[in-house]
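Let's take a look around this protein together. Have the sequence and the 3D view ready.

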Amino acid sequence: MLLGGDIGGTKTVLALYTLEQGPHRPLVKETYASKDYDSLEAVIRAFLQDKEEGITHAAFGVAGPVVRDAAHITNLPWVLSERQLQETFDLHEVHLLNDLKAIATAVPILKESDFTTLHAGEPVEGGAIGVVAPGTGLGEAFLVCHDGRYHAFPSEGGHADFAPADALQIDLLRYLQQKHHHVSYERVCSGMGIPNLYAFFRDTGRYSEPDWLRERLAAVSDPTPVIVRAAQADEAAICTATLALFIDILARECGNMALKLLATGGIYLGGGIPPRIMPQLRAHNFVETFTAKGRFSRLLAEIPIYVIENPQTALLGAATDGLKMVAREES
């Protein structure tokens, strides 16, 4: 019996799996507010207290880097250790994997209902695959094929230097350099980055901020949903421009990822933002911007782009990884 989990700063999702049912069909799945617990162990105990099934293995996708079999969860005071979890719950084996690696692990087994094709391209069988996931932050991962099987690898590419592509973005970089020591792609291409784009347009006088919008933003702790909704409803020019710039930067970074990996197997857009802005991704020339790489534009045009729609993809990846552990032991 496998305990799989998707561990994030906002919520923790736990589920039970067997080899017979596979990763797509958990026996039971429950969601918990992470802030209500002081550790992952406490959440697991709450999950298991009314379950008769005994778990033997566990795999968790975690929102944070995994180093030496341990992880600090972003936006939570939790420290996770494979050895400590194994000993606490008397398990045969425990595996922690970065949440983007978990998403990447799930990519090869996604069903057609789990994603939308933004650009069909001409995928190459066994070609490398890139995953770019703008959510609260900007996560990136990749897959390479070896001996007929895809293997997922984590990355912290979202923290690479932001490279402006035109005069507007050069001004954006200069604006943000006055506020931050290091301007990464995450600063401009994520949920936490969208308010930076908005502030750039407002503070440089490119767009005015309507009074009603200022009041609405002042009333919330997270301005990103307000900005995005206003852009989608075309209620304020500053919000429309903000979302358009976000999409432009995202498309260019996806193109960068495709070139660096030679991702002929495709680029998958994960995270919480892309599924919510599908009409805008189609309307704002995302594909044309993605392929605008000079002499390599023709190559980029052959690379497919997919948007992952399944919000449980990280859990699916953790379960896939964990069931491999179970299968190895049974064999």
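Which residues of α3 are buried? They are L100, A102, I103, A104, T105 and A106, where buried means under 20% relative accessible area with a 1.4 Å probe, protein chains only.

## Before we go on

This is a predicted model: local features need pLDDT of at least 70, side-chain atom pairs count only at pLDDT 80 or more, and totals for chains, interfaces and linings use all residues. Numbering starts from 1 along each chain as its sequence is written, and side-chain values use heavy atoms, leaving out hydrogens and water.

## The helix

Six of the eight residues of α3 are buried, so the helix is largely enclosed by the rest of the structure. Helices (H or I, at least four residues) and strands (E, at least two) are DSSP runs, numbered from the N terminus.

## The sheet

Here six strands make an open, mixed sheet, in the order β9-β14-β13-β10-β11-β12; two strands pair if DSSP finds at least two bridges between them. β9 (115-119) and β12 (149-155) sit at the edges with a single partner strand each, so one side of each has no neighbour in the sheet.

Inside the sheet, β10 (residues 129-134) and β13 (residues 266-269) run parallel, joined by four bridges. I129 stands opposite G266 in β13. Helix α3 (residues 99-106) packs on this sheet, touching β10, β11 (138-146), β12 and β14 (305-308); contact means heavy atoms within 4.5 Å.

Notes. Axes fitted to C-alpha atoms, helices over the stretch in contact; angles between N-to-C directions. Buried < 20%, exposed > 50% of the residue type's maximum accessible area, 1.4 Å probe, protein only.
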